[in-house]
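Here is a short briefing for a reader who is meeting this structure for the first time. Please look over the sequence and the model before reading on.

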Amino acid sequence: VQLQASGGGLVQAGGSLRLSCAASGRTFSSYAVGWFRQGPGKERDQVAGISSIGKLYYVDSVKGRFTISRDNAKNTAYLQMNSLKPEDTAVYYCAAARYLHADPDQYDYWGQGTQVTVSS
């Protein structure tokens, strides 16, 4: 599976962005997808995940603001980010694994990062 993340950019606090993760390969629907972020000098942490059967995970800091979804017909996963805060500033990555994990080491495939910058 090859992944390509897109949709990042510069937005003011309170604004919204939608990230996309386009996958190649016919088995995308059988993979869990995670969105991770890494801020300057920080570790890469998961912010949201969706399993192959639609089970969802969100880190507490984004609950109620971010929504993860997937469209298997389009081989694409999305991360809708609303009410963005300056602390959401990071490089965002999508990744795929057979099962939903919070540990980035359990993900086999990674897209390139997309920068999200939230100004105050």
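**Core and aromatic contacts**

Setting aside neighbours within four places in sequence, Tyr92 is in contact (heavy atoms within 4.5 Å) with Leu19, Phe36, Arg37, Val47, Phe66, Leu79, Met81, Gln112, Gly113, Thr114 and Val116. This is a predicted model, in which local features need pLDDT of at least 70 and side-chain atom pairs count only at pLDDT 80 or more, while totals for chains, interfaces and linings use all residues. Residues are numbered from 1 along each chain as its sequence is written, and side-chain values use heavy atoms, with hydrogens and water left out.

**Aromatic pairs**

- There are 5 aromatic pairs, counted where ring centres of Phe, Tyr and Trp (its six-membered ring) lie within 6.5 Å, with planes under 30 degrees apart stacked, over 60 edge-to-face and the rest tilted.
- Phe36 and Tyr107 form an edge-to-face pair, 5.0 Å centre to centre with 80° between the planes.
- Because Phe36 lies in strand 4 and Tyr107 in the loop between strand 9 and strand 10 (109–110), the pair ties together parts that are 71 residues apart in sequence.
- Both Phe36 and Tyr107 are buried, that is, under 20% relative accessible area with a 1.4 Å probe and protein chains only.
- Phe36, Tyr93, Tyr107 and Trp110 form one aromatic cluster.

Terms used. Helix = DSSP H or I, 4+ residues; strand = E, 2+ residues; numbered from the N terminus. Buried < 20%, exposed > 50% of the residue type's maximum accessible area, 1.4 Å probe, protein only.
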